[in-house]
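Hi everyone, thanks for making time. Let me bring the structure up, and then we can walk through how its parts meet.

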Number of protein chains: 2
Amino acid sequence: METTYSPAPETKGAEAATSGAERLLLAARAAGAEICFANPGTTEMPLVAALDVVPGIRAVLGLFEGVCTGAADGYGRMTGKPALTLLHLGPGFANGIANLHNARRARTPIVNIVGDHASWHLPYDAPLTSDIHSLARPVSGMVRTIESTADIEGDTVEAFQAALKAPGSISTLVFPVDHQQHPAPSSASAPGLIASPRRFDESRVEAVAQMLRSGKRVVFLLGGGALSERGQRAAGRIGENPAVRFFSETFPARTERGGGLPDIDRLPYFPEKAIEQLEAADAVVLVETIAPVAYFGYEGLPSMLVDERRLTTLADVTECGEGALVRLAQVVGSSGRETGVSPSRYAIPDCALDPALVGKVLSNALPDEAIVSVEGGTCGYPFVTASASAARHTILTNTGGAIGQGLPVALGAAIACPQRRVFALQSDGSAQYTIQSLWTMARERLPIVMLITSNRRYGILQTELRRAGSVAFGPQARALTELDDPAFDWPSLAAGYGVPAVRASTTRELEAALDQALAHTSGPSLIEMVLA
Amino acid sequence: METTYSPAPETKGAEAATSGAERLLLAARAAGAEICFANPGTTEMPLVAALDVVPGIRAVLGLFEGVCTGAADGYGRMTGKPALTLLHLGPGFANGIANLHNARRARTPIVNIVGDHASWHLPYDAPLTSDIHSLARPVSGMVRTIESTADIEGDTVEAFQAALKAPGSISTLVFPVDHQQHPAPSSASAPGLIASPRRFDESRVEAVAQMLRSGKRVVFLLGGGALSERGQRAAGRIGENPAVRFFSETFPARTERGGGLPDIDRLPYFPEKAIEQLEAADAVVLVETIAPVAYFGYEGLPSMLVDERRLTTLADVTECGEGALVRLAQVVGSSGRETGVSPSRYAIPDCALDPALVGKVLSNALPDEAIVSVEGGTCGYPFVTASASAARHTILTNTGGAIGQGLPVALGAAIACPQRRVFALQSDGSAQYTIQSLWTMARERLPIVMLITSNRRYGILQTELRRAGSVAFGPQARALTELDDPAFDWPSLAAGYGVPAVRASTTRELEAALDQALAHTSGPSLIEMVLA
């Protein structure tokens, strides 16, 4: 147990007291905050001014709050550290909820700062007044209003503490503007930030080892830190046992892939397929993930994809799945040989694009240490299948199903990892929810490569309508799932936000566009991939 | 251990039983619903299919839920009838909250239908599960989950009843997908929709008449239906008394203006100015509005803009302010002469655009019976000042302060009033929050004329920073309030959504652009107004 927090430094003399806004930023900076994804309004102006007084916290402006919260998610997934968001009262917070929902499912640490009316003005129910706690609770592990200037430092430290506590969560601090403005003391008794390293349970390792020695057919389901390079390499060694199979969560927050790692498939999305995979096993072992549940409920199919009696936990979501896998690999005495997939390139025919070819062309193009934010099934699944043999890369997926997540997460990842190339493989429908991301990418000169799958429909909804038995769509159902009237002109939209863009319809065009985008290092590029 | 399997699906009879989704739409149609602003997902597919079975409800697709809820607000303000929205679980609802916040402040009737997981799937906390009630409560007068197929009809009628009850509010029905799918009975005992006409209180009219007869200086503050043509004409007659002055709410949901109506100013936004106007009066009389409160709290200034002892209510927000004004005009025995402003045209110099000139050029261009959705102060205030002498028009403003309201409200108004020309006078920063509105306007061929004030900054925030004493902005404060790096290319953004657009920097260019836009009747047009 170590203390990583030092009391906020007193940077000013007696005549220029530290404001509440400055006090919060000092405490946040001391707790490790380096970035603030902001869409402020009138009630956050003291915090805006304080960002120029307190050094070390970079402010990044989003045109829409969902861009800010999604970027904080991407940043947190890549760094393990909470970004700040700065949001404007209840309605501003509300615009950020969808991507906070995704971040909550990803267990990403985030600290939201939400300005509010002056505490004495709140009872008068001015137009922008709303119940921020009611809005924040569904996505926040901790919600607190800072009730006085004396509480600012302690509340901030607690917010970081809560966000960082394994497995990671979202803290929301509501900060009335009068407390931002007034002088705020530094408390000698402010609690320190306590780092608690993740551990694993040796007895669980032994129990699973026993299972493997007994010859049981075992499926491992990996999430969280179990999908690190080290975790996957350990899985590869355990996987020398032919009775063992590994899957990752269907929508992992972050997974390493390619560059010689084993090919760990995602658990299938539709319950029939997932059940088929899991039923073949005598036991399903959870490693930093929860029991698999059907994404949606379908009549005649169960919600729980595995019978509880066949479930075993090697590491729960608060524990260290990576360490547990490494130990298990030692215990079961595998040879230590690598069982990874050797990197290789796909031979690509010169033809029109389809999802499988998009996946292969992108896999071929990935530079080492790329980050790929994947949203949308059309090209997402084929890409992940293809990319096992790509160069080493990190994949970030939509963990919570609230769409409009892929572009902001790519933005946050690019801020977090300026040395790595970031790609956003993104469906057209979902891209529209947070299209404003393009502007912040251009403004921050982030060399993100966006690949927009242009199929001009909500593909998943048409699939679901067919599953529900609507084979012939009526005109309104068709209108509610088609995006072709008018079709988006992606190069125009990108130009509107200062992002260069091209359109690609064939494999050769896509390859050329990727070459060009990778050569463009001073800002983002967009490629509209037109599928037939 | 309980079974995780759902009940077996019921087989439909040869006569094809009415599904729950169809039952809800039938009940909504009977209650007056004609339109559904929809952004559905998997859990709303039975409702999507039902829209093709139940006649009479037009589905309009939004690419983002804030477009749908804002459009429902615009539609409700123009028709007095609730539109349906169709939203996808908690995160989809959350994306619609900001404009529901505005609609709540406008007292617009709306009925939200939010699909949810199958009732038997909910306990398993699948990725898209969230606490929808907690999200919905801050913006909804009624929130209810439909608990069984037998409740669908009754719950729907109650939702409409609640939404339509004076002064108007938002109802949110959470509709699990299994209840949408299963056959649902029609209940003979379902409650009917009860119309309750608004009334006013004669004794209050007499009390205010007494005040006027006694020679008191009286300020009337008008909101809601008091801002109808009839209400304003009555105000004009009462206003022959030189001791009387009229203001509208600062952000009225709907006000008629021009075409010979009296020039009723909006109560100023900043509290000092508002207090100055109100302090001159012996009494402030409320007509379908609430006691005026400062938009934000500023140290040293009160929250309540009028001392409670000087407040009198002629009609509260549930009553008929229009009727009360008409009766008062009769009682105080005014001459009946009209005191309206005669329509006239401004002489416009040939020069660069500024906000005052934009207001005048637009006033000149308005055809009779235009609707103008105004969001953003830069050109909004000058336009409203100028438009007293324009042709008769209706103004819709941002009632709740959650920005991103103007374009969707224009969209909803255009759906509601296909015979009237709709304008959106919109600031650039706020337009970005719901930029996806353009696509639905193009798709629905709505001849809306969008005028985007391009000043490439959050003007109000710079004003507020200055008020807070930050005369010299630091680099981060500047970055968080400037939108010039990169500047939006509005014609490109519009083209991306299939909307023709031009740029205007001078008065003559703006006049020509407005002529062209008005001649274009088969869809929307956008004019970027570049201010120096």
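**Where the chains meet**

In this predicted model, chain B and chain A bury about 8,300 Å² between them, 61% of it on carbon and sulfur atoms; buried area is the accessible area (1.4 Å probe) that two parts lose on being put together, summed over both. B:Pro127, B:Gln476 and B:Leu480 supply 8% of the area that chain B buries against chain A, more than any other three residues.

On contacts, meaning heavy atoms within 4.5 Å, 101 residues of chain B touch 99 residues of chain A.

How many salt bridges does the rule find across the interface of chain B and chain A? Four, taking a side-chain nitrogen of Lys or Arg within 4 Å of a carboxyl oxygen of Asp or Glu. In one salt bridge, the side chains of B:Arg105 and A:Asp125 come together at 2.8 Å, N to O. Helix H4 of chain B, residues 89-106, gives nine residues, the largest share of the side of chain B that touches chain A; helices here are DSSP runs (H or I, at least four residues), numbered from the N terminus.

Now over to A:Asn455, in the loop between strand S18 (449-454) and helix H17 (459-467) of chain A, with strands being DSSP runs of E, at least two residues. A:Asn455 is buried at 8% relative accessibility, where buried means under 20% relative accessible area (1.4 Å probe, protein chains only).

Two housekeeping notes. Residues are numbered from 1 along each chain as written, and chains are lettered from A and ligands numbered from 1 in written order. Local features need pLDDT of at least 70, side-chain atom pairs count only at pLDDT 80 or more, totals for chains, interfaces and linings use all residues, and side-chain values use heavy atoms, leaving out hydrogens and water.

Methods:
Buried < 20%, exposed > 50% of the residue type's maximum accessible area, 1.4 Å probe, protein only.
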